[in-house]
Amino acid sequence: MLKRIIPLCVASAMTMATQIQAEEDKFIWLEDVEGAKPMTWVKQQNDVSATHIKGYKGFDSLVANSLEILNNEARIPYARRTGDYFYNFWKDETHTRGIYRRTTIEEYAKADPKWETVLDIDALGKAEGVNWVYKGMNCQYPQNERCLVSLSRGGADAAEVREFDLTTKSFVEKAQKPFMVDEAKSIVSWIDKDTVFIGTDFGDGNSMTDSGYPSLVKLWKRGTPLSEAKTIFTGDKASVASAGYVIFDDKTPLNIITESLTFYTAKHYVYQNDKLVALPLPADADIKGYFKGQLYIELKSELVTDKATFKQGSVVFTPVDKLIAQKPEFKEFVSPTATAFISQINFSKNAVFVTWLDDVKSKLVRYTQNDNGEWQSDTAPFDANGTLSVFDVQRDSDEFFVDYTSFLEPSTLYRVNGATLKADKVKGMPQQFAADKFTTKQFFAQSKDGTKVPYFVVMAKDIKLDGNNPTLLYAYGGFEVSRLPSYSATVGKNWLEQGGVYVLANIRGGGEYGPAWHQAALKENRHKAFEDFEAIAEDLIARKITTSQHLGIQGGSNGGLLMGAAFTRRPDLYNAVVCQVPLLDMKRYNKLLAGASWMGEYGNPDIEKEWQYIKTYSPYHNLKQGVKYPKVFFTTSTRDDRVHPAHARKMVAKMEDMGIDVLYYENIEGGHAGAADNTQAAELISMVYAYLMQQLR
């Protein structure tokens, strides 16, 4: 979608309700993202915080460590096969914004493959005078010759879309009538080489939802003006988004239109013969794949049919033709156990591969059907103590990649033969810190309601349990996102080797134990995620790993909301808080950028009954005069058009107005990721660790 070009603090553009809120909120002027007054305030805050944090005597070493890690040529060039090549997006010291490049399948297996540059983002930005950030390449399957490239100014979600030719390695010339879309939060996907589904901002006031995503789905033919694209679906403006896309069974296309009613519910349609056919699926179910004529569905709640009951978290399937005929015949594919839940599901040419999480530890299982339609399962031979990520699974092959990692084991890339399950190592990252000096342990803390909540601790083998260890506790806890063990050289080099302890919390709200684990902390139950987090903090102290004086916490986005709630609920429990690209003003979050799309997670603050529970944890509304808070470090980005930077800005301004000591840094570029290139990322990473050292030692 287009960025908001009318500042939210302009009174003439406000509704009466917003005017009243503006009178109550004296910091609402900071919602004007790029206004002169807010940007002056931002730069002043940046100067103060940068001077303070960069004054740490080891700061330059932290930056050098981080930059060396981010630019390390030994990084695994993760690639995806498109046609006859493997494609990879790569950043380094020379290519700060990155290059999209390719190599042959044979060459990729070599230790030092020869790469061919396809698109140079640095060169493009220099030629056009725009700070382009690469946002992805969507190629038309199965020809894989024409692609849609998304380019963002400064890293925002809103992007310009241009058609690109892989055979000529150039943008399609105007004479060839390319598909091009101006900067917006667009959703564009191929139907065939001359037709796309498109949803974008058509400038009519009706083409975008209240959440700022497309509400219309149109059919756009090559060579015709975008204004003449045929509308085939109109969603409700109160919905999150509407989109058209194509899924394939082998090479058979199925055109799907999805209207996301909320973040967790949707209506799905098949578009065929110029008609829409609604699919009789549960609103909260997810379409996971189309395989051998069957549509596979993941259930987020129990499904009861005339013939069977399928439990929450199961994956079921039904023939597509039966589904279109409104007579689905659901059968169970797999279902969760007490501790094991589905993390990923992928479909190759002849098999289905499920990555399971069992007490937050990964295993990969292949499923095939025998002649009687019965499912046979075989487990791939990977160590169960790490995290497996499966990718580049394609419908014309049974070969794919698996990435294996753990806290102390750098990523190793394997090429897996799906027929034999033989895994051959293709590439591996070298150790980048002294991992042999550390150990990982999993513990369980008991939350307030008795729930056992897992967490991992990475610490020195010879640690002294005297409570004096600087400890960083990280969590996310939302949107059914699982946080899994993974190798981070920056954590290892800049924190563990500096004497720190690292903790990853798997609190409710995430997806570590399936849909129920997530739903346990939705809306009025949000406090359970916070209670889980506090239980882990207290458990760390009880084990004498650390004390409040030496305990720091970190989280971003939804995790930034967690940080805000954590230090306003229990300011005595922590001595450092890193709050990144956060949500904090939960009264206005649904009015800022993509905020309305998250009401399925948090609730609607405009409904008084729901505001009554939201306000109990809204950090912006729970600051209290006279309370001793830890010195919080807030970070955000001007170009973040997903979570509005005003959340962090207003929180800092209010805290300073109350006489509370606080630090703030806003990167002018970077989008929701916070940084646009490796140099910016290295500096921001180093500021975080320098701040933690200052606070916790």
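1. Valine 581 sits in the loop that runs between strand 37 (576-580) and helix 11 (599-602), and in this predicted model its phi is positive, about 30 degrees, although the residue is not a glycine. Most residues other than glycine have a negative phi, and a reader checking backbone geometry may therefore want to look at such positions one by one. Valine 581 counts as buried because its relative accessibility is 8%, under the 20% limit.

2. Lysine 169 is a further case of a positive phi in a residue other than glycine, with a value near 55 degrees. Its place is in the loop between strand 7 (159-165) and strand 8 (170-171). With a relative accessible area of 32%, lysine 169 is partly exposed, whereas valine 581 is buried.

3. The hairpin of strand 5 and strand 6 has six residues between its strands, and asparagine 144, in the turn, has a positive phi of about 55 degrees. The loop between these strands also holds proline 142, which is joined to tyrosine 141 by a cis peptide bond with omega about 5 degrees. As background, most peptide bonds are trans.

4. Elsewhere, four strands make an open sheet in the order 24-25-26-27 with antiparallel pairing. Its edges are strand 24 (340-347) and strand 27 (375-379), each of which pairs on one side only, and the twist from one strand to the next averages 30 degrees. Strand 25 (residues 352-358) is joined to strand 26 (residues 361-369) by seven bridges, and one of the pairs is formed by aspartate 358 and its bridge partner in strand 26, lysine 361.

5. Serine 397 belongs to the loop between strand 28 (387-391) and strand 29 (399-405). Because its relative accessibility is 16%, serine 397 counts as buried. The side chain of serine 397 reaches the backbone nitrogen of glutamate 399 at 3.0 Å, and, leaving aside neighbours within four places in sequence, serine 397 is in contact with Arg81, Ser348 and Lys349.

6. Arginine 649, in helix 13 (residues 646-657), counts as buried because its relative accessibility is 0%. Its side chain reaches the backbone oxygen of valine 33 at 2.8 Å. Apart from neighbours within four places in sequence, the contacts of arginine 649 include Leu30, Asp32, Val33, Trp41, Tyr664 and Glu666.

7. The largest nonpolar core has 109 residues, and those with the most contacts inside it are Leu473, Trp495, Tyr502, Phe533, Phe634 and Leu692. Helix 14 (residues 678-696) supplies the largest share of this core, nine residues. Leucine 692 touches Leu472, Trp495, Ala576, Val578 and Arg697, not counting residues up to four places away in sequence. Another core, of 18 residues, lies apart from the largest one and has Ala285, Ile297, Leu303 and Phe310 among its members.

8. On confidence, the chain averages a pLDDT of 93, and 96% of the residues score at least 70. Over residues 1-23, however, the pLDDT is below 50, and this stretch has 37 contacts in the model beyond near neighbours in sequence.

Terms used
Residues numbered from 1 in each chain as written. Predicted model: local features only at pLDDT ≥ 70, side-chain atom pairs only at ≥ 80, totals over all residues. Heavy atoms only, no water. Pairing = 2+ DSSP bridges. Helix = DSSP H or I, 4+ residues; strand = E, 2+ residues; numbered from the N terminus. Axes fitted to C-alpha atoms, helices over the stretch in contact; angles between N-to-C directions. Buried < 20%, exposed > 50% of the residue type's maximum accessible area, 1.4 Å probe, protein only. Polar contact = N/O pair within 3.5 Å; in protein donor to acceptor, adjacent residues only side chain to side chain. Contact = heavy atoms within 4.5 Å. pLDDT = per-residue confidence, 0-100. Core = buried A, V, L, I, M, F, W, Y, C linked by side-chain atoms within 4.5 Å.
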